[in-house]
Amino acid sequence: MRTLGIETSCDETAIGVVEDGTRLLASIVSSQVQLHAEYGGVVPELASRKHVEAIIPVLDEALSGAGCGLADLDAVAVTYGPGLSGALLVGVNFAKALAFSLSLPLVPVNHLEGHIYAAWLDTNGEGPRFPSLVLIVSGGHSDVVLMEGHGRYRRLGQTVDDAAGEAFDKVARLLGLGFPGGPAIDRLAAEHGRAKTLRLPRARPDGEYDFSFSGLKTKVGRIVRGEEGGAPEAAELAAAFQESVVDSLVTKALEAAASEGAREIILSGGVAANSELRRVLAERSPLPVVVPPPELCTDNGAMIAACAHYRLAAGDLAPLGLDIDPALKIG
Ligand code: KG4
Ligand code: ZN
């Protein structure tokens, strides 16, 4: 069973081909990072236009990478939310046209759910160990979710303000590191190494497994502007910021996993590419930790195709009137 997965929820035009939900045949990602970098963030209208230009070449590349043609596909899957409306519309309408013209089932996929399914791509047969505690950390979300089975989620916590990736992006801007900020902070913090002197606070919002990162961002801003006395190097500040975010994420995920009796922890979403987060979670977790390779943590179409395999098995098909849902949640 070969599924094509289409992802255009933000600033990557991405298409993947996956066989039987776990075998990765192709994953092509056309990133718009350069286009948006000069504005310091994603410009929605530009993103939609770029998706329109890129989507057919990306499809051609994905099919040739997978060594197949349109006639070899069994289903077409697409992200229908959450994300930017105009960007989502490009992918959804393209998917509808493909499914209709090829007489294939159209499978709607929640982007956040897609991130989770990247965990089982090409894992040599290691399947899920439910219940799994999932930490989804991306540019728009920071969710702690208990996955009880395929398609069965209970959200235990979320951010009360900025998402983890958003915090990385904003702090990178404060440090003059450009966009996207996550990889830049990751690299700069690594230069500083692990001998840290500066310790930044960890927020404690009311919800047991909730996060808050905007106070931390404000604190970094004050330090950068010299309002807190002293002037640490940018690398030290990046390392201290990253350490604080990673500690909050890992601590809450481990507490939730213990209290819910989870059998494994899955780390997913763009921020899961962070080297320190991967290292600290693996070091502190008493449970097996499943983390996709960095290129499958950030947005891609293969994760959408992987998820769709299980949605299709559950009979979750979309009519050709499928609409986008920009504010879609999980659990
Ligand atoms: O999942 P994703 O590709 O798109 C969304 O669904 O939002 O996540 C993008 C986010 C950005 O905020 C980016 O700065 C962050 O993931 N990110 C990272 C790293 N790589 C990407 N954050 C920290 N460290 C990284 N290495
Ligand atoms: Zn994402």
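View 1. In α2, the buried residues are A47, S48, H51, A54, I55, V58, L59, A62, L63 and A66. Buried here means under 20% relative accessible area, exposed means over 50%, and partly exposed is in between, using a 1.4 Å probe and protein chains only. Helices are DSSP runs of H or I with at least four residues, strands are runs of E with at least two, and both are numbered from the N terminus. The buried residues of α2 pack against β1 (2-7), β2 (12-19), β3 (23-31), α1 (33-37) and α3 (85-102); contact means heavy atoms within 4.5 Å. Everything shown comes from a predicted model, where local features need pLDDT of at least 70 and side-chain atom pairs count only at pLDDT 80 or more, while totals for chains, interfaces and linings use all residues. For bookkeeping, residues are numbered from 1 along each chain as its sequence is written, chains are lettered from A and ligands numbered from 1 in the order written, and side-chain values use heavy atoms, with hydrogens and water left out.

**View 2. The largest nonpolar core.** This core has 45 residues, and those with the most contacts inside it are L133, L135, V137, F241, V245, L249 and L277. A nonpolar core is a set of buried Ala, Val, Leu, Ile, Met, Phe, Trp, Tyr and Cys residues joined through side-chain atoms within 4.5 Å. Two or more residues each come from β6 (132-137), β7 (142-149), α5 (164-174), α6 (181-192), α7 (214-224), α8 (234-260), β9 (264-268) and α9 (275-284). The largest share, 14 residues, is from α8. Apart from this core lies another one, of 32 residues, with L25, I55, V58 and L98 among them. Zooming in on V137, its contacts include L249, L267, V271 and L277, not counting residues up to four places away in sequence.

**View 3. Helix α7 against helix α8.** The two axes come within 11 Å and cross at roughly 165 degrees; they are lines fitted to C-alpha atoms over the stretch in contact, with angles from 0 to 180 degrees between N-to-C directions. α7 and α8 are therefore roughly antiparallel, a label for angles over 145 degrees. On the α7 side the contact is made by L216, V220, I223 and V224, and on the α8 side by L237, F241, S244 and V245.

**View 4. S248 in helix α8.** S248 is buried, with a relative accessible area of 12%. Leaving out residues up to four places away in sequence, S248 touches R202, F211 and F213.

**View 5. Two cis peptide bonds and two positive phi values.** Most residues other than glycine have a negative phi, and most peptide bonds are trans. The bond from G81 to P82 is cis, with omega near -10 degrees, and P82 sits in the loop between β4 (75-81) and α3. The bond from F130 to P131 is also cis, with omega near -5 degrees. S103, not a glycine, has a positive phi of about 55 degrees and is exposed, with a relative accessible area of 65%. D122 has a positive phi near 50 degrees and is partly exposed at 46%.

Terms used:
Parallel < 35°, antiparallel > 145°, perpendicular 65-115°, else oblique.
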